[in-house]
Amino acid sequence: MDTMEIVVILGGVALVGLTLWYFFGEREKVAAETNETGVQEIKVTVKGGYAPDVIVVKKDVPVRLNFYRDETSSCSEQVVFGGFGIARDLPAFKTTPIEFTPAQTGEFTFACGMNMLRGKLIVQ
Ligand SMILES: [Cu+2]
């Protein structure tokens, strides 16, 4: 085995590791903050994904997720909260608030219209 082969193999291993981390790695959780009107509010930037992509909220307290879509890629033009029956268009370079009150605890996925970009809402 020459050096080039070793480099290629190591590169491949690193790529597999990165892919596994991307899909299964522990994501950073961010809790929505309750503002003075009693709404749990958080800004989510949409750009090739959702940042943050794991959002923690409290049950039975109104939630407002301010989706700021920082791109024109058609992939992210819609966001869908299947568990809450919400599908909303996100105009590019604008903030679109999505409001609801989670009535039960659990983990709920949200995604783009094609289910490619994904995030998670954890209700505690
Ligand atoms: Cu998409």
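Is Cys 112 buried or exposed? At 3% relative accessibility, Cys 112 counts as buried, where buried means under 20% relative accessible area, exposed over 50%, and partly exposed in between, with a 1.4 Å probe and protein chains only. Cys 75, at 14%, is buried as well. The number of disulfides is zero, a disulfide being a pair of cysteine sulfur atoms within 2.5 Å.

The model is predicted: local features need pLDDT of at least 70, side-chain atom pairs count only at pLDDT 80 or more, and totals for chains, interfaces and linings use all residues. Residues are numbered from 1 along each chain as its sequence is written, and side-chain values use heavy atoms, with hydrogens and water left out.

Six strands form an open sheet with mixed pairing, in the order β1-β5-β11-β10-β7-β8. Strands (E, at least two residues) are DSSP runs numbered from the N terminus, and two of them pair if DSSP finds at least two bridges between them. β1 (29-31) and β8 (86-89) stand at the edges with a single partner strand each, so one side of each has no neighbour in the sheet. From one strand to the next, the twist averages 20°, with axes taken as lines fitted to C-alpha atoms and angles running from 0 to 180 degrees between N-to-C directions.

Strand β7 (residues 78-81) is antiparallel to β8, with four bridges, and antiparallel to β10 (residues 106-112), with two bridges. Phe 81 faces Ile 86 in β8.
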